[in-house]
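Please find below a note prepared for a colleague who wishes to review this model. The points are numbered so that each may be checked against the coordinates.

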Amino acid sequence: EPEFKHGTAPQTGVLLINLGTPDAPTAPALRRYLKEFLSDPRVVEIPRLIWWPILNGIILNTRPAKSAAKYASVWLPEGSPLRVHTERQAKLLKGTLGQAGHRLVVDYAMRYGQPSVADALERLKQQNCTRILLLPLYPQYAGSTSATALDAAYAWLQRSRNQPEIRAVRNFHDHPGYITALAASVRQYWAENGQPGPSYRLMLSFHGVPKRTLELGDPYHCECLKTGRLLSEALGLPKEQVEICFQSRFGKAEWLQPYTAPTLHRLAKEGVERVDVICPGFTSDCLETLEEIAMEG
């Protein structure tokens with residue numbers, strides 16, 4: 001079957017790319033998902049010879065059952081929260097663009113798990129999308145998130161004979177629309193739960209990455225700090241009422257500090273009466289916001 005049919009109007013596609021999710025909150029599904037995720041050399045930057053026995057001998061035998069229980073605690077009737085929310089975002093984006101007069105094909109993909117980036121790009125190509133905008137759903141750029149999402153798209157391009165024109169959004173950590181949306185979310189929460197008093201902290205908890213990535217030139221840390229500064233300015237909060245922290249640490253190496261959990265302990269010891277936590281690095285609620293912050297935190 002020829003890839004291109006003459007007479008079909010060319011279209012422009014937008015592909016939202018999120019991190020990924022297991023198919024079900026079960027140990028076998030988590031094992032498949034974690035194997036794909038933790039085998040990515042951009043995610044775990046340890047030499048294969050050292051990492052492979054640890055991953056296959058220890059982690060994939062002990063971690064799936066623990067992670068499955070955590071996923072089960074946040075699973076929605078329609079499925080994984082990350083997938084459900086990302087799918088809704090794609091539909092809403094298509095509707096919003098349509099109302100503004102833009103006829104675009106909008107789809108979504110997961111870097112790990114389903115629907116895969118390659119399958120989504122194939123679908124867009126079948127609909128005669130000759131131009132595609134890739135939008136990794138990470139406001140702050142990191143090699144282990146934004147870059148690997150784009151790697152997956154470029155790997156599909158390498159196998160594609162009749163390539164569409166590709167553009168990519170690198171980051172949006174300081175985009176006025178993004179900062180305005182974060183500020184509106186906080187203000188709405190204040191309207192419903194009362195304005196903060198003097199003994200108050202707004203904690204911005206970003207996903208952590210190893211400190212080594214900063215030393216190697218990854219801009220993630222700086223972009224998180226800039227998001228934090230712009231959000232506190234938009235809300236008119238003094239610096240001393242804002243805490244920027246990093247969550248989801250894994251392994252024994254040092255990660256970006258300060259860590260979220262110890263900071264919560266410190267604020268309690270200091271007698272801070274109220275802490276509101278926002279996770280500005282996540283564009284959809286997921287395990288890290290719903291279980292790690294809302295439950296564990």
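1. Basis of the note. This is a predicted model, in which local features need pLDDT of at least 70 and side-chain atom pairs count only at pLDDT 80 or more, while totals for chains, interfaces and linings use all residues. Residues are numbered from 1 along each chain as its sequence is written, and side-chain values use heavy atoms, with hydrogens and water left out.

2. The four-stranded sheet. Four strands form an open sheet in the order β2-β1-β3-β4, with parallel pairing. Strands here are DSSP runs of E with at least two residues, helices are runs of H or I with at least four, and both are numbered from the N terminus; two strands pair if DSSP finds at least two bridges between them. The edge positions are taken by β2 (105–112) and β4 (165–168); each has a single partner strand, so one side of each is left without a neighbour in the sheet. From one strand to the next the twist averages 25°, where axes are lines fitted to C-alpha atoms (for helices, over the stretch in contact) and angles run from 0 to 180 degrees between N-to-C directions.

3. Strands β1 (residues 11–20) and β3 (residues 129–136) run parallel and are joined by seven bridges; Thr12 has Arg131 of β3 as its bridge partner. Helix α1 (residues 27–38) packs on the sheet and touches β1 and β2, its direction making about 90° with that of β2; contact means heavy atoms within 4.5 Å. Helix α3 (residues 81–99) also lies across β1 and β2, and runs at about 155° to β2.

4. Strand β5 and its partners. Of the eight residues of β5, seven are buried, that is, under 20% relative accessible area, with exposed meaning over 50% and partly exposed in between (1.4 Å probe, protein chains only). Six bridges join β5 to β6 in the parallel sense, with Leu204 opposite Ile244 in β6. Pairing of β5 with β7 is likewise parallel, over five bridges, and Leu202 stands opposite Asp276 in β7.

5. Helix α10. Which residues of α10 are buried? They are Leu287, Thr289, Glu291 and Ile293. Their cover includes α2 (48–74), β5, β6, α9 (260–269) and β7.

6. The second largest pocket. Its volume is about 940 Å³. A pocket is an open set of points on a 1 Å grid over the protein atoms alone, where a 1.4 Å probe fits, with protein on both sides within 12 Å along at least five of seven lines, and lining residues have an atom within 4 Å of a point. Grid points are joined across faces, edges and corners, and the volume is the space filled by probe spheres set on the points. The lining has 36 residues, and Tyr178, Ala181, Leu182, Phe282 and Thr283 lie nearest the centre. Elements giving two or more residues to the lining are β1, α3, β3, α6 (176–193), β5 (200–207), β7 (274–278) and α10 (287–296); α6 gives the most, with seven residues. By class, 26 lining residues are nonpolar, seven polar and three charged; Ala, Val, Leu, Ile, Met, Phe, Trp, Tyr, Cys and Pro count as nonpolar, Asp, Glu, Lys and Arg as charged, and the others, Gly among them, as polar.

7. Backbone points to inspect. The peptide bond from Gln114 to Pro115 is cis, with omega near -10°, and Pro115 is in the loop between β2 and α4 (117–126). Another cis peptide bond joins Gln257 and Pro258, with omega about 0°; Pro258 is in the loop between β6 and α9. That loop between β6 and α9 also holds Ser248, a residue other than glycine with a positive phi of about 60°, buried at 15% relative accessibility. Asn128, in the loop between α4 and β3, has a positive phi near 65° and is buried at 9% relative accessibility.

8. Ser67, in helix α2, is buried, with a relative accessible area of 10%. Leaving aside neighbours within four places in sequence, Ser67 is in contact with Leu30 and Leu34. The C-alpha atoms of Ser67 and Ala27 are separated by 7.6 Å, at 40 residues apart along the chain. Glu240, in the loop between α8 (220–235) and β6 (242–247), is exposed, with a relative accessible area of 57%. Its C-alpha atom is separated by 48 Å from that of Leu157, 83 residues away along the chain.
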